[in-house]
Amino acid sequence: MSRTRRTTVLFASALSALMLASCAQEAPGGADAPPPADAPAAAASEYAVDFAARGTEPFWRADVKGTTISITRPEPPEVVATNAALATAGTTGTWTAQAGTTPVVLVVTKGACSDGMSDLKYDYAAELREGDAVFKGCAFPLSAEPREGE
């Protein structure tokens, strides 16, 4: 590559970088500007907390803490799925992980839910898939676990 060509490529690269840097909005004083008032909220914010889901017939519970999904049932052993990744779309949060070679997927959707056995009120419905097995139930953020009489 000729010297003139290298200089042109370097100049074009530097100019592109400067143009991209100038696209960021700044607030007075040089700080990052807040998003516009009509900007959509961060997609994962509602689900970016520890969650739990549980169901009956058969009884099961799944706890999402960080990047781990722990599944418990009356009969052991507990199943632990690691490296859970969260994806969101609209009112649904989906965690996908692996328990050994078994895929684990927990789908939580905003909406009233009843476990069919108690008077507890849940704000989320849940579907847990462990390999080919599918379990349906209700879900809640761990910080807001439903209690009898509430």
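Student: Which residue is the bridge partner of A52 in strand 8?
Tutor: F140 is. This is a predicted model: local features need pLDDT of at least 70, side-chain atom pairs count only at pLDDT 80 or more, and totals for chains, interfaces and linings use all residues. Residues are numbered from 1 along each chain as its sequence is written, and side-chain values use heavy atoms, leaving out hydrogens and water.
Student: How many bridges join strand 1 to strand 8?
Tutor: 4, and the two run antiparallel. Strand 1 covers residues 51-55 and strand 8 covers residues 133-141. Strands are DSSP runs of E, at least two residues, numbered from the N terminus. Two strands pair if DSSP finds at least two bridges between them.
Student: What do the 8 strands close into?
Tutor: A barrel, in the order 1-2-3-4-5-6-7-8, with antiparallel pairing. The twist from one strand to the next averages 30 degrees. Those angles run from 0 to 180 degrees between N-to-C directions, using axes fitted to C-alpha atoms.
Student: New topic. Is D63 buried or exposed?
Tutor: D63 is buried, because its relative accessibility is 15%. Buried means under 20% relative accessible area, exposed over 50%, partly exposed in between (1.4 Å probe, protein chains only).
Student: Where is D63?
Tutor: In strand 2. That strand, residues 60-65, is joined to strand 3 by 5 bridges.
Student: What is D63 in contact with?
Tutor: Leaving aside neighbours within four places in sequence, D63 is in contact with F51, A52, T68, I69, S70 and L142. Contact means heavy atoms within 4.5 Å.
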